[in-house]
Amino acid sequence: VNDNVLTTLRGVLESPALAGTELADGTSVLLDIGAGRVVSLSESATFISQQVREGARSFQELAEKLAAHYEVDERAALADAEVFVQELLRALTE
Amino acid sequence: MTSRAFHLAGALTAVAVSGYAACGRQDFAQSLRFRDHCGSLTLGLPPARKARLELSRIALEILGFIVTHPVIPAVRRNRETVFRDVVVFLFAATLAVRAGDVYRGAPLLRVVARLMAQPLLPFKCNPNEARRAALRALRYLSKLRLVTDTCVARSLVVGVLLSHLPNVRLHIGFDVAGGRETAPSGHAWVTVDGVNVSDASPARDYSEATSIELRRRS
């Protein structure tokens, strides 16, 4: 997956139309009131969206951070992160 | 959908992303999948014909409510109170039906704009009056299956009834519902000058996601 997807997702996540709320258990909710859309993120999904917001430039970098944080295999993290980022982007823009 | 605690369901399209926390490697492959994608939920009255029939029923039911409501004889000594209660209730009922558009697929912001274009009452009702009327109207109309009695509809009705006041805001927030396997619980409420006026007693603290100013165009 092209790393540009991360830039696109960052743009969407930083859009003023999208409100992000972190909940007490580490999960979060993204709310786009204009589109009437709510996306509920698990703790790990919240971690990824934070990394994207904070400027993760490539999926490789994202996978390294995931692997370090959750103590999982980097290749599996890479594959999952790629799928997740694309699905999140689709959910927020479709 | 598994978001049974999702009180905003229907007003918003919910997509739940659920997965692991600090899970082991074996769970990781399934971790970041979307668990649910419930799409737009349509509640209320989808077919236009049914809506027309039921709207005509509402007028009759409201008249029936007015003449039979047990509160009215009790306050009949004070005609002004009776008049106010009835007018606020009727107005709240019409707002509640319009607010129900959010459950028929209309975007929330558009519904808010339409509601804010409604005429003001000839008198200014206070927050208690507005909350009481909204509760009554929604409770009654929901029994007739004309509206869905939710925090969103209630907040919209209260917000419009109080829109003569400055600094009225509709808030939307979330809280952890029943653990990781359920979607977060959403809630909508209205504040006037920062004071919650739509909930009699807030059940818990919700993390506010966004708020909309309910202001009439001058």
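Helices (H or I, at least four residues) and strands (E, at least two) are DSSP runs, numbered from the N terminus. The structure described here is a predicted model, in which local features need pLDDT of at least 70 and side-chain atom pairs count only at pLDDT 80 or more, while totals for chains, interfaces and linings use all residues. Residues are numbered from 1 along each chain as its sequence is written, chains are lettered from A and ligands numbered from 1 in the order in which they are written, and side-chain values use heavy atoms, with hydrogens and water left out.

We begin with chain A. Chain A contains four helices and three strands, and along the sequence these follow the pattern α-β-β-β-α-α-α. Its C-alpha atoms fill a box of roughly 40 × 30 × 20 Å along the principal axes. The radius of gyration, taken over C-alpha atoms, can be set against a globule rule of 2.2 Å times the number of residues to the power 0.38; because a compact globule of 94 residues would have a value near 12 Å, the 13 Å of chain A agrees with it. Of these 94 residues, 54% are buried, where buried means under 20% relative accessible area, exposed over 50%, and partly exposed in between, with a 1.4 Å probe and protein chains only.

Five of its five residues are buried, so the strand is largely enclosed by the rest of the structure. In a regular strand the side chains alternate between the two faces of the sheet. In β3(A), Arg37(A), Val39(A) and Leu41(A) lie on one side, Val38(A) and Ser40(A) on the other, and both faces are covered. Two strands pair if DSSP finds at least two bridges between them; five bridges join β2 (residues 28-32) of chain A to β3(A), and the two run antiparallel. Leu30(A) stands opposite Val39(A) in this pairing, and in the hairpin, which has four residues between the strands, Gly36(A) takes a positive phi near 65°.

A contrasting residue is Arg57(A), found in the loop between α2 (43-53) and α3 (59-70) of chain A. Arg57(A) is exposed, with a relative accessible area of 68%.

Six bridges join β3 (residues 168-175) of chain B to β6(B), and Arg169(B) stands opposite Glu213(B) in β6(B).

In the loop between α7 and β3 of chain B we find Ser163(B), which is buried, with a relative accessible area of 6%. The side chain of Ser163(B) reaches the backbone oxygen of Val160(B) at 2.7 Å. Leaving aside neighbours within four places in sequence, Ser163(B) is in contact with Met116(B), Leu120(B), Leu214(B) and Arg216(B).

Notes: A polar contact is a pair of N or O atoms within 3.5 Å; within protein, one must be able to donate a hydrogen and the other to accept it, and residues adjacent in sequence count only if both atoms are side-chain atoms. Contact means heavy atoms within 4.5 Å.
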